Amino acid sequence: SPLLSGTKVVILPKWDAEAAARAIAEEGITMFSVVPTMLWDMLNKAKLADFDLSSLRNIGTGGQALPINLLDEMRAMCPNAVMGTGYGMTETAGSIAMALGEDFIRNRGSAGRILPLMDVRIEGEDGTPLPTGQAGEIVVRGAQVMLGYWEQPDATAAVMTDDGWMRTGDLAVMDDEGYVRIVGRSKDMIIRGGENIYPRELEEFFFTH
């Protein structure tokens with residue numbers, strides 16, 4: 001869309017946090033899309049070198065959940081920027097959930113709100129749909145969900161059901177407004193004393209240190 005509207009696009013040859021911060025300051029960049037790990041890196045470099053990032057008006061993140069304290073840091077440095085996040089997969093041709101601006105800020109721990117074209121449910125380990133507020137695997141269905149992996153029937157059968165639902169492998173909680181909060185990957189979940197411990201909850205705690 002920036003190319004179609006004639007907007008200037010600034011591209012770095014490779015990721016370099018200091019170069020990114022300098023480019024934003026010198027070029028007056030207004031839109032920036034990044035994963036949270038890179039955002040942390042750039043924020044720290046910008047503070048050390050005293051780069052002015054106030055030109056940013058739109059900051060989009062994805063790839064992993066956005067730590068709340070990172071969100072607060074970016075809002076403090078770029079008070080005029082609209083923050084947004086999303087959740088999706090290559091297998092779903094992009095986004096499953098998205099939230100921007102105040103829609104995101106009012107539920108800052110989420111990875112977005114389920115988009116209208118997607119059917120989404122949260123399932124337990126036995127495949128039973130779970131009620132709102134309980135953690136389980138995200139299972140999706142919709143026009144943009146893949147038919148299968150190219151020439152890999154076993155891999156396809158492992159994630160696709162006969163009626164078109166795809167198991168994402170991501171664990172999440174969904175609320176009654178359709179916001180999704182990612183708590184981890186099913187393969188990464190820790191079981192201790194019969195309790196499920198989700199990596200996302202540990203990360204949120206560590207980020208406060």
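1. A word on burial to begin with: buried means under 20% relative accessible area, exposed over 50%, and partly exposed in between (1.4 Å probe, protein chains only). Glu 123 counts as buried, at 8% relative accessibility. Its salt-bridge partner is Arg 121, at 2.8 Å from N to O, and Arg 121 is partly exposed at 26%.

2. On provenance, this is a predicted model, in which local features need pLDDT of at least 70, side-chain atom pairs count only at pLDDT 80 or more, and totals for chains, interfaces and linings use all residues. Residues are numbered from 1 along each chain as its sequence is written, and side-chain values use heavy atoms, with hydrogens and water left out.

3. The whole structure has nine salt bridges (a side-chain nitrogen of Lys or Arg within 4 Å of a carboxyl oxygen of Asp or Glu). One of them joins Glu 27 to Lys 8, with the closest N and O atoms 3.0 Å apart. Glu 27 sits in helix α1 (residues 17–27) and Lys 8 in the segment before α1, so the pair ties together parts 19 residues apart in sequence. Lys 8 is exposed at 55%, while Glu 27 is partly exposed at 40%.

4. Please look at the sheet too: five strands form an open sheet in the order β1-β2-β3-β4-β5, with mixed pairing. Its edge strands are β1 (31–34) and β5 (113–114). Strands β3 (residues 82–89) and β4 (residues 94–100) pair antiparallel over six bridges. Strands (E, at least two residues) and helices (H or I, at least four) are DSSP runs, numbered from the N terminus, and two strands pair if DSSP finds at least two bridges between them.
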